[in-house]
Amino acid sequence: MSVRRAEFLAGLRDEFPLLVGVFPFGMIYGLLALQAGLSPAAAQGMSSIVFAGSAQFITAQLVHEAAPSLVIILTIGIVNLRHMLYSASLAPHLRELPTKWKVLLSYLLTDEAYAVVVTRYEGGGTRGAAQWYFLGAGLALWTTWQISTAAGILLGASVPADWPLDFALPVTFIAIVVPALRDRPALAASLSAGIVALLVFGLPFKLGLIAAALVGIAVGTLLEKRP
Amino acid sequence: MSIWLVMLAGGLLTFGMRYSLIFLFGRMRVPGLLQRSLRFVPPAVLSAIVLPDLLLHAGSPNLTFQNERMLAGAIAILAAWRTRNMLVTIAIGMAALLLLRWVG
């Protein structure tokens, strides 16, 4: 077996445990995107064009609430800002690669791919065909995300119309946020953002969402002890 | 603007951020303050979406026991806090809403 193939398969294998959690997440996204009013083609398209779970859920919700396009795009930007951090973290390991590899791997750089790849690279495994490891992990996630989205869309077509499925979106957000509130700064960020969002809900263009998110981020950052 | 244009812009923005420092490596560093603030982005944005969704009805607060979404949301928060499991939380939250509607 060639080194490239071995690296690719190792990436696939290491990504696998995360896929078990990603599959139902993708199905829920597909189901909810339809409920939010997206066409099946748009729901599926977003999974390959944006390819970022939480941003896709939020986009579906904002489309449902008829938020202006610019606010949706700005929110996607804020939610996905963390990817710059991943980009910075992996950059030294990828600097020798040709541009087409950098572009391809950047497209595949999700939370789940980063978690697996950075563990391997920080462990010193970046010589030789290490980009194939990233490709294996990234493609495993990408394929799972597309298939699970499609499964959710197919399932969505058979759900009775009077089920309150629009409630599944806020419940999904609760399921994502609450377990992550492990310390005071995170809890304060969450509460302050939520309260500000209530207070400024009347602002036009859903700008209250952006304002509330920025207040929450500032509160969390200020409360955190300096390292 | 059509949903496809919004997705395309959002997708390009996301790709741009993923590619940014891989492309720029060696030319700049992420400021420490920005780096520390990033972990607060998900709780802040998601809470700013969820709380109004649960507590407001057509733009004005509804904090009474008639507000089934608020009650089911509170149950879901409790479930998420206790189980830390996404699928279990969603199932309990949805079941709570259906039950509250059925009762009320």
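First stop: does A:A66 count as buried or exposed? At 64% relative accessibility, A:A66 counts as exposed (exposed is over 50% relative accessible area, buried is under 20%, and partly exposed lies in between, with a 1.4 Å probe and protein chains only).

Before you click on, some ground rules: this is a predicted model, where local features need pLDDT of at least 70 and side-chain atom pairs count only at pLDDT 80 or more, while totals for chains, interfaces and linings use all residues. Residues are numbered from 1 along each chain as its sequence is written, chains are lettered from A and ligands numbered from 1 in the order in which they are written, and side-chain values use heavy atoms, with hydrogens and water left out.

Stay on A:A66 and look at its backbone. Its phi is positive, about 55°, although A:A66 is not a glycine. You'll find A:A66 in the loop between α3 and α4 (69–79) of chain A (helices are DSSP runs of H or I, at least four residues, and strands are runs of E, at least two, numbered from the N terminus). Most residues other than glycine have a negative phi.

Now select A:F51. This is another non-glycine residue with a positive phi, here near 50°. A:F51 sits in the loop between α2 (40–49) and α3 (53–64) of chain A. With 3% relative accessibility, A:F51 counts as buried.

Next, show chain B on its own. Chain B has 5 helices and 2 strands, and along the sequence they run α-α-α-β-β-α-α. Of the 104 residues in chain B, 43% count as buried.

Bring chain A back and look at where the two chains meet. Here 80 residues of chain A are in contact with 62 residues of chain B (contact means heavy atoms within 4.5 Å). How much area is buried between chain A and chain B? About 6500 Å², with carbon and sulfur atoms giving 80% of that; buried area is the accessible area (1.4 Å probe) that two parts lose on being put together, summed over both.

Last stop: select A:D183 and B:R39. They form a salt bridge, with the closest N and O atoms 3.0 Å apart (the rule wants a side-chain nitrogen of Lys or Arg within 4 Å of a carboxyl oxygen of Asp or Glu). Across the interface of chain A and chain B, that rule finds 2 salt bridges.
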